[in-house]
Amino acid sequence: MLIMFKVKNFLSFKDEAILDLRATSDVQHPSHLLHVNEKYNLLKAVALYGANASGKSNFISAMYFFEKYIFSQFIGNKENDSWDQGKRFRHDLEPFALSSDKNRVSEFDIIFLRNNKQFQYGFECTEDAVVSEWFYIDDKRVFERMGGTITYGSEFVSLLSQYNKIPSERLYISVLEYFLEDETKKKILGDFIDFFQQEYNVYSEILFESTVKGVAGMIAYSSKVISDHEFRKKIEQYLKSIDVGIKRLDIQTENIIDEKTGKQKETKVIRTVHDIFDESGNAVGEKVFNLSQESSGTLRFFAFIQNVIEVTSNEGVFIVDELSARLHPLLTKMIIDIFCSKANTKAQIIFTTHDISLLNKDQFRRDEVVFIDKNDRGESNLYALSDLKVREDAFFNKDYLQGKYGAIPIFNYEIMNGGGANG
């Protein structure tokens with residue numbers, strides 16, 4: 001479960017921005033909280049609002065970059081060296097560009113819970129080097145790194161101190177992942193790695209209307225949709241509930257041309273099944289559709305609902321840029337309500353949206369609504385509705401549109417009308 005994520009000097013975030021999922025003392029919607037232990041009540045949902053180009057997508061990009069930067073340096077099975085890939089992700093680092101100070105480092109930090117243990121990991125870096133790095137388990141230092149100097153917590157010094165050589169451009173945690181014996185690696189890094197591989201899900205793909213029909217056949221779907229009958233049934237139930245005409249999913253075996261070999265191979269594919277009706281409205285047969293024949297909104301919901309079922313069943317955090325894009329507001333609400341329901345005891349959702357129909361006290365607690373705004377120097381900042389001391393019975397969406405909370409577009413009508421003061 002995610003407790004906190006911090007970013008600094010990345011894209012439009014010049015100064016540190018912290019997304020804190022610890023609940024405030026707000027008493028509204030108690031079912032929206034994950035009661036982890038005596039120390040933590042965590043939010044199940046966080047909605048990020050803001051104007052276009054305010055930095056919402058940049059924050060999601062930071063969460064994506066953080067994970068990829070780490071795992072691009074992991075060797076894993078020692079057979080598939082990721083050195084070149086790691087170099088690529090280092091060069092994908094984009095510090096805040098509108099500052100005269102070009103020597104500032106970028107910083108990323110995360111705190112999360114897994115298997116009743118708290119982990120904190122972060123680093124400072126430039127495009128060429130890792131400047132500092134830190135790793136804590138249950139507030140106990142595993143290691144701290146400053147440049148090429150590494151210090152260890154008392155419980156870990158005997159296990160780690162022999163691995164004290166590290167290239168300046170490499171994360172120390174990737175060195176440990178490569179050199180530690182399996183038992184030691186599992187003890188120190190097992191839950192850390194499993195959190196990202198199994199629980200930390202960043203979904204940033206946007207299917208543009210102009211191309212969605214062309215890529216519909218490539219819509220990602222879990223292998224479980226084909227292999228797991230019960231999982232497929234759950235998806236079918238959601239698809240039927242949103243009334244898009246899909247009766248069920250059908251798994252068919254077809255001959256597909258392998259792009260590499262040019263030869264045909266048998267492949268199982270997903271098709272949707274619709275009823276055929278007579279003039280009186282009676283179902284008289286069935287018609288099988290390719291995914292490309294479904295609407296872009298249906299395809300997007302189909303892609304999302306698989307992840308939603310997986311995350312809420314197995315624990316994790318679902319991080320989505322533009323959750324409401326091409327979805328009816330009621331479908332977006334359905335997804336949020338799944339996470340905020342009493343039935344969900346182990347999953348979280350973080351998402352960006354412009355959908356103000358959701359921005360109300362009946363849908364969200366005040367600490368679940370986060371605004372991202374950008375000042376006239378191009379610097380994004382992040383703050384929660386609860387930080388503004390807003391009354392719990394306020395009309396969130398109305399007040400937001402009136403500019404009481406900031407994070408809305410500011411229009412220059414003189415420029416729009418083609419003139420200045422004398423135009």
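This section describes the sheets, nonpolar cores and helix packing of a predicted model.

Seven strands form an open sheet, in which the pairing is antiparallel and the order is S2-S1-S6-S7-S8-S9-S10. Strand S2 (17-20) and strand S10 (149-152) are the edge strands, and each of them pairs on one side only. On average, neighbouring strands of this sheet are turned by 5° against each other, with direction ignored. Within the sheet, strand S1 (residues 2-8) and strand S6 (residues 106-114) run antiparallel and are joined by 6 bridges. Opposite Val 7 stands Phe 108 in S6.

Two helices are placed against this group of strands. Helix H1 lies across S1, S2, S6, strand S7 (117-125) and strand S8 (130-137), and the direction of H1 is at about 95° to S1. Helix H5 (residues 182-199) also packs on the sheet, where H5 touches S6, S7, S8 and strand S9 (140-146). The direction of H5 makes about 95° with that of S6.

The largest nonpolar core contains 63 residues, of which Phe 59 and Phe 108 touch the most other members. Helix H1 (residues 56-71) supplies the largest share of this core, with 9 residues. When residues up to four places away in sequence are not counted, Phe 59 touches Phe 5, Val 7, Phe 13, Ala 17, Leu 19, Leu 48, Ile 372 and Leu 382. Another core, of 49 residues, lies apart from the largest one, and its members include Ala 45, Ile 270, Phe 301 and Ile 408.

Strand S5 (residues 45-49) is mostly covered, with 5 of its 5 residues buried. In a regular strand, side chains alternate between the two faces of the sheet. In S5, Ala 45, Ala 47 and Tyr 49 point one way, whereas Val 46 and Leu 48 point the other way, and all are buried. Strand S5 has parallel pairings with S16 and with S17. The pairing of S5 with strand S16 (residues 347-352) involves 4 bridges, and Ala 47 stands opposite Phe 351 in S16. The pairing of S5 with strand S17 (residues 369-374) extends over 3 bridges, and here Ala 47 stands opposite Val 369.

A further open sheet consists of 3 strands with antiparallel pairing, in the order S12-S13-S14. Strand S12 (248-257) and strand S14 (283-289) each have a single partner strand and stand at the edges, so one side of each is left without a neighbour in the sheet. The twist of this sheet averages 35° from one strand to the next. Strand S12 is joined to strand S13 (residues 264-277) by 10 bridges, and the two run antiparallel. One of the bridge pairs links Ile 257 with Gln 264 in S13.

Helix H8 (residues 229-241) packs with helix H9 (residues 296-314) at an angle of about 125°, and their axes are 10 Å apart. The arrangement of H8 relative to H9 is therefore oblique. The crossing in which H8 passes H9 is right-handed. On the H8 side, the contact involves Phe 231, Lys 234, Ile 235, Tyr 238 and Leu 239. These residues meet Phe 301, Phe 302, Ile 305, Gln 306, Ile 309, Glu 310 and Ser 313 in H9.

Notes:
Residues numbered from 1 in each chain as written. Predicted model: local features only at pLDDT ≥ 70, side-chain atom pairs only at ≥ 80, totals over all residues. Heavy atoms only, no water. Pairing = 2+ DSSP bridges. Axes fitted to C-alpha atoms, helices over the stretch in contact; angles between N-to-C directions. Core = buried A, V, L, I, M, F, W, Y, C linked by side-chain atoms within 4.5 Å. Buried < 20%, exposed > 50% of the residue type's maximum accessible area, 1.4 Å probe, protein only. Contact = heavy atoms within 4.5 Å. Parallel < 35°, antiparallel > 145°, perpendicular 65-115°, else oblique. Left-handed = near helix turned anticlockwise from the far one by under 90°.
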